[in-house]
Amino acid sequence: LKETRFLRKSRADWSRLEAFAARLGSLDSKELLEFISLYRKATSDLARARTLGARSDVVDYLNQLVGRIHFQVYTTPGWSSRRFLRFFTHWLPQTFRRCKAHVIAATLLLVLPAVAGYIAVGADPALIRVFAPPQFVELIDRYGTIEQRGPGEMSAYTSFYIVNNVTVSFLTFTSGLLLGLGSFYNLVKNGAILGAMLAAVGQAGATRPFVSFISAHGGIEMFAIVLAGAAGLRIGTAMINPGEVSRARALVEAGRDAGTIMFGVVLMLLIAAVVEAWISPSPNVHDVAKWILGVLILSSVVAYYTLAGREPLTGSASPSARDSGSPGRAAPAPPARR
Amino acid sequence: VQESPAGPDFVAIETPEHVTFTYEIAGLMSRSLAAIIDHLIQFVAALVLFAGFLGAMGGFAQGGLQQISMAAYALFGLAIWLLIWGYFVAFELLWRGQTPGKRLVGIRVIREGGYGVTAGSILIRNLIRVFGDLVPFPAIGLGVMFASARAKRLGDLIAGTLVVRDVAWTPPPALRIAEFQRVADANLVNDLRRAAIHRLKPEFVRTIESFLVRAEELEIASRRDIAWRLADPIARTLGLPAPDPERLLRHVVVALREEVKEA
């Protein structure tokens, strides 16, 4: 019955705490201080209610109150331009370099089958039917055709390329969940098709228009698919060999790297889709200009990934500490701004 | 994060204030219900988009605006694709781990340790949605959820997230003892005190209090049933008649209060 008094005294505090929590973003500094002391009091009320063996509805209520406010207080800071910039200046390229081995493996998994496909079809043109799906083979004559398109048509193509290529990259990545085998398969398959098609187009005497067509967007597009595959391999290898941490922990770390890389992949494919729809097929752009553009795009993307963000971060917490899920290591973030 | 003493359906989290609280993990049923609601919303939105698209195309074609109708086609394709892939990501970002379906059902995505979701964890858990939930792998998705201790989807395992109940409660009311005292029968109170009512086990008293606090909200039949179950052992031990069990319980609380006051 002591508890009845405790309840009567504390209920007002709890209601006040809930009211503050509902508009956490707009509290002034005085209210914020009161909010924090009320939250501390609620946590100690919970501990006390539990040790005193208070009424179960009181304990349950305090439990959900503390849980909900803990979630609001210990959250990651919301979107700020600073954090957004830092993602691109440091976090993304650093993650890329951390996954260097996977990127190299994925590159080889695409390039080696491409070379093999090229050599095989070069030796025996009939083999193209083994490597490439029939709808690709039928279109060989039309590859690299240049046509005058209207803006509406070009937007339609942009949209199609975005939808198609991003979906392919998603599948290349997520199929890595099968111990990495899916990503492995998708990379090899795409590489083999690419090499075989190059050889077949050469035999049809259309090398120059074909290469001109794919040169502007092809580099960044293939690189994006390689990165999606690398992200899948990152997850797959964490499943097979978690290293010194638990498998669950290794998976979460791999997931964080893979998610970061996939952000980059989507952006690269957006750029590629615009170039592929508006510049690659255009008769108004000279072939050589397309080659130069392709080289420029790919080399600047590679330079960005390998060189950006090499100087250490200035500022309090590094993104890795901030984003880590372990309660022991994570720095408590300031109250969320909603 | 550790296994909670409260059972497998709860996850215990220790705050930096060194107080442990628990989240109730959302079950398979509530998560499926939320998913069904979300997919229905997606479906209806797609229908609306499609109707708008057909209307626009008809108009443009009549006006001979070939290029514009192509652009409309492009926009439509992109919109549908964004609806499929972006719906969950966008809502979980904006509503901090909730979608319309999850909000209706009262569940929320959080990260292990009780932290709010990050953009990266949202992207990962929803990218993997295709793999775990859709053809040809729904069996894998469900299998993982059954096998995992906390009903986690594959996406949750890799994103380090879990889905918990998130419903705001109203503060529990205090017992209205003053009211009970006003209408209490002094003789019955004295009988109870003479019968050494203070020897009742504290847990039992708390159960009585919980019941009296919530009695108004209970259905008539279960209210009568619980009152009888609580009052009957007391009445029998003390040899008192209990024609109205709830009334007896109210008197027990009043008698205990007076014991405390005099002590």
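Between chain B and chain A, about 5600 Å² of area is buried, with carbon and sulfur atoms giving 66% of it; buried area here is the accessible area (1.4 Å probe) that two parts lose on being put together, summed over both. The model is predicted, so to speak of local features takes a pLDDT of at least 70 and side-chain atom pairs count only at pLDDT 80 or more, while totals for chains, interfaces and linings use all residues. Residues are numbered from 1 along each chain as its sequence is written, chains are lettered from A and ligands numbered from 1 in the order in which they are written, and side-chain values use heavy atoms, with hydrogens and water left out.

Staying with the interface, 65 residues of chain B are in contact with 68 residues of chain A, contact meaning heavy atoms within 4.5 Å.

Next come the nonpolar cores, each a set of buried Ala, Val, Leu, Ile, Met, Phe, Trp, Tyr and Cys residues joined through side-chain atoms within 4.5 Å. "Buried" is under 20% relative accessible area, "exposed" over 50% and "partly exposed" in between (1.4 Å probe, protein chains only). The largest core holds 53 residues, and among those with the most contacts inside it are Phe173(A), Leu227(A), Met268(A) and Tyr305(A). Helix H10 (residues 207–240) of chain A supplies the largest share of this core, 13 residues. A second, separate core has 34 residues, including Phe6(A) and Val66(A) along with Ile110(B) and Val164(B). Helices (H or I, at least four residues) and strands (E, at least two) are DSSP runs, numbered from the N terminus.

Leu227(A) sits in H10 of chain A and counts as buried because its relative accessibility is 1%. Leaving aside residues up to four places away in sequence, Leu227(A) touches Phe96(A), Val103(A), Ile261(A), Val265(A), Met268(A) and Tyr305(A). Also in chain A, helix H9 (residues 181–203) runs for 23 residues and reaches 33 Å from its first C-alpha to its last, close to the 33 Å expected at 1.5 Å a residue; that expected span is 1.5 Å times one less than the number of residues. Just after H9(A), Gly205(A) takes a positive phi of about 75°.

Over in chain B, there are 12 helices and five strands, and 47% of the 263 residues count as buried. Strand S4 (residues 107–111) of chain B has five of its five residues buried, so it is largely enclosed by the rest of the structure. Ile107(B), Val109(B) and Arg111(B) point one way from S4(B), while Arg108(B) and Ile110(B) point the other way. S4(B) pairs with strand S5 (residues 161–165) of chain B in the antiparallel sense over five bridges, pairing being called when DSSP finds at least two bridges between two strands. Val109(B) has Val163(B) in S5(B) as its bridge partner.

Val163(B) also turns up among the contacts of Asp156(B), which touches Arg31(B), Arg125(B) and Thr161(B) too, not counting residues up to four places away in sequence. Asp156(B) lies in helix H7 (residues 154–159) of chain B and is buried, with a relative accessible area of 0%.
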